[in-house]
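I opened my notebook with a plain plan.

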Amino acid sequence: ILIRTGNTMTHTDLAIEIDMIGRMMIALEEIEGCREFAALIPEVRTNLVFARPDAKTTADVMAVDGRITVVSGMPRAAGSVRYGASNHMARLVIILMQTDPSVRSGIDFANPPGFSDWLSGYCREMGWTIALVDRREEPADVRNVEGSTMQWKAREAVRSAGGRVPKIICDAGGWAKEPVCTLFGNEPVSIAHDAVSYTHLTLPT
């Protein structure tokens, strides 16, 4: 059980914090060492998030401050790892945790033309569940309400995956919305390994 009283941190809390930061740093090191991953960093940049087991708000989710960008052809974290550094990705993970509390981490990446088809085949080979979400089907009343899009996207993805949280959600994008995919898992080290594994393969151009 995690207990925080004001600014006081318990030993249990400290152990969780150390574990989370350590896993984030190990994951970032693997991502930053993969030149191929740079090709999948979208214009909005990439973020890697990791939620506390009891996460309720974005302040309970670790992420990369300034996101992950490209420097000299390599992925690079723009800032340090801290709580509250992500909005959209953090909210998406928190919503998905309502369906499966073990899914606490995620990383997003570009979804260029043809990529989701290739990725769907890769997921079949790996035994992963992939959900394809078309923003054109998002109701106008949802699209126009701040914060509602993440709820709709998560609900559609879980419905598409038969009531489970999929391993990957591919978003086809929409008006002023860049197409992106998001890979989910229990913690960031395994996510980084999975992301690096498929980016080492031949990707569609």
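I looked up the strand order and found an open sheet of seven strands, 7-4-3-8-11-10-9, with mixed pairing. Two strands pair if DSSP finds at least two bridges between them. Strand 7 (81-83) and strand 9 (130-133) are the edge strands, each pairing on one side only. From one strand to the next the twist averages 20°.

**Ground rules.** I noted that this is a predicted model, where local features need pLDDT of at least 70, side-chain atom pairs count only at pLDDT 80 or more, and totals for chains, interfaces and linings use all residues. Residues are numbered from 1 along each chain as its sequence is written, and side-chain values use heavy atoms, with hydrogens and water left out.

**Strand 9 and its neighbours.** I checked how strand 9 pairs with strand 10 (residues 168-171): the sense is parallel, over four bridges. Ile130 stands opposite Ile168 in strand 10. Helix 5 (residues 148-160) lies across strand 9, strand 10 and strand 11, and runs at about 130° to strand 9. Axes are lines fitted to C-alpha atoms, for helices over the stretch in contact, and angles run from 0 to 180 degrees between N-to-C directions.

**Whole chain.** I listed six helices and eleven strands in the protein chain. These are DSSP runs, numbered from the N terminus: helices are H or I with at least four residues, strands are E with at least two. Of the 205 residues, 48% count as buried. Buried means under 20% relative accessible area, exposed over 50%, and partly exposed in between (1.4 Å probe, protein chains only).

**Helix 6.** What span should helix 6 (residues 188-199) have? Its twelve residues should span 16 Å, and the end C-alpha atoms are 16 Å apart, which agrees. The expected span is 1.5 Å times one less than the number of residues. Its buried residues include Pro188, Ile191, Ala192 and Tyr198. Among the elements covering the buried residues are helix 1, strand 3 and helix 3 (115-126); contact means heavy atoms within 4.5 Å. Glu187 caps the N-terminal end of helix 6, with a side-chain oxygen 2.9 Å from the backbone nitrogen of Val189.

**Positive phi.** Most residues other than glycine have a negative phi. I found Arg45 with phi near 75°, in the loop between helix 1 (11-32) and strand 3 (48-51). Arg45 is partly exposed, at 25% relative accessible area. Arg67 has a positive phi of about 70°. Arg67 sits in the loop between strand 4 (61-64) and strand 5 (68-71), and is partly exposed at 33%.

How values were computed: A polar contact is a pair of N or O atoms within 3.5 Å; within protein, one must be able to donate a hydrogen and the other to accept it, and residues adjacent in sequence count only if both atoms are side-chain atoms.
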